[in-house]
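Student: I would like to learn how to read a sheet and a pocket from a model. Could we work through one case?

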Amino acid sequence: MQLKEIMDGCKHLHVVEQRCSTTEFIDLVFNNAEIEEWQRVLSSFLGAPRKPKGQAPSDSDLRITAKTGGIRTDQTLFEKDFPVSTIIAKFWPWKDNQHTTLRMAMLSRR
């Protein structure tokens, strides 16, 4: 699984700002009006959130997200292991209640 495959599944969704897009890291902003669809698409690739919004992060959540800015209680974390990598995705809601940042990373397991 590649990040590009996940993003191809999101082509029908509006991206407000594309900050970074590499084979190993994606950082973008979307409107909260589409958050349910973003969650549906990510869940179809990565499964249900490992840490839903409102749940305190576990020590394991903090470890796996350390290189990508960590994870807080108000954020959502998805994770799925693949043969040589783990993909994580995080929703970072903005204080304006209108936007969310999506950070997605492919983490090598070697």
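Student: Which residue does T76 stand opposite in β4?

Tutor: This is a predicted model. In it, T76 faces F91 of β4 across the strand pair. β3 and β4 are antiparallel, with six bridges between them, and a hairpin of three residues connects β3 to β4.

Student: What does F91 stand opposite in β5?

Tutor: F91 has L102 opposite in β5. The pairing of β4 (residues 85–93) with β5 (residues 99–108) is antiparallel and has nine bridges.

Student: In what order do the strands of the open sheet lie?

Tutor: Two strands count as paired if there are at least two bridges between them. Here five strands form an open sheet in the order β1-β2-β5-β4-β3, with antiparallel pairing.

Student: Why is one side of β1 and of β3 left without a neighbour in the sheet?

Tutor: β1 (17–21) and β3 (76–81) are at the edges and have a single partner strand each, so one side of each lacks a neighbour in the sheet. From one strand to the next, the twist averages 15°.

Student: Which residues line the largest pocket?

Tutor: The lining consists of N32, I35, Q39, K53, D74, Q75, T76, F91, P93, W94, N97 and T100.

Definitions and conventions. Residues numbered from 1 in each chain as written. Predicted model: local features only at pLDDT ≥ 70, side-chain atom pairs only at ≥ 80, totals over all residues. Heavy atoms only, no water. Helix = DSSP H or I, 4+ residues; strand = E, 2+ residues; numbered from the N terminus. Axes fitted to C-alpha atoms, helices over the stretch in contact; angles between N-to-C directions. 1 Å grid on protein atoms, 1.4 Å probe; cavity = no way out; pocket = protein on both sides within 12 Å on 5 of 7 lines; lining within 4 Å.
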